[in-house]
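User: I would like to go through this model with you. Could you start with the terms we need?

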Amino acid sequence: MFGQTTLGVGSVSSSASRVFRYEVVGLRQNQETDKNKFNIRRSGSVFITVPYSRMNEEMQRISRLGGRIIKIESLSAAEEN
């Protein structure tokens, strides 16, 4: 899921097309991440891209994994410049 964009099927509206990138530090390996087939680094930044509709769910998941969001950036706005 890290660094991937997951856009679901739904109505095409301004909120549906908005995508955000989280910069996260402090993710750690735990029981939930042990289900993955890869380890999570303890140090450094990880970038996670999510659609607007999943922002809250992703924030909760990051929190459960022990991560801290240090920056949220709108990719839609960055592309308009």
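Analyst: Buried means under 20% relative accessible area, exposed means over 50%, and partly exposed lies in between (1.4 Å probe, protein chains only). This is a predicted model, in which local features need pLDDT of at least 70, side-chain atom pairs count only at pLDDT 80 or more, and totals for chains, interfaces and linings use all residues. Residues are numbered from 1 along each chain as its sequence is written, and side-chain values use heavy atoms, leaving out hydrogens and water.

User: Are Arg61 and Glu58 buried or exposed?

Analyst: Both Arg61 and Glu58 are buried; the relative accessible area of Glu58 is 0%.

User: What links Arg61 with Glu58?

Analyst: A salt bridge, with the closest N and O atoms 2.6 Å apart. The term requires a side-chain nitrogen of Lys or Arg within 4 Å of a carboxyl oxygen of Asp or Glu. The two residues are three apart in helix H1 (residues 55-64), so about one helical turn separates them. Helices here are DSSP runs of H or I with at least four residues, and strands are runs of E with at least two, numbered from the N terminus.

User: Which residues make up the network of salt bridges?

Analyst: Arg54, Glu57, Glu58 and Arg61. Arg54 bridges to Glu57 at 3.4 Å, N to O, and to Glu58 at 3.8 Å. Arg54 is partly exposed at 24% relative accessibility, and Glu57 is partly exposed at 46%.

User: Now the sheet: in what order do the strands run?

Analyst: The open sheet has the order S2-S1-S3, with antiparallel pairing; strands pair if DSSP finds at least two bridges between them. S2 (45-51) and S3 (68-74) are at the edges with a single partner strand each, so one side of each has no neighbour in the sheet.
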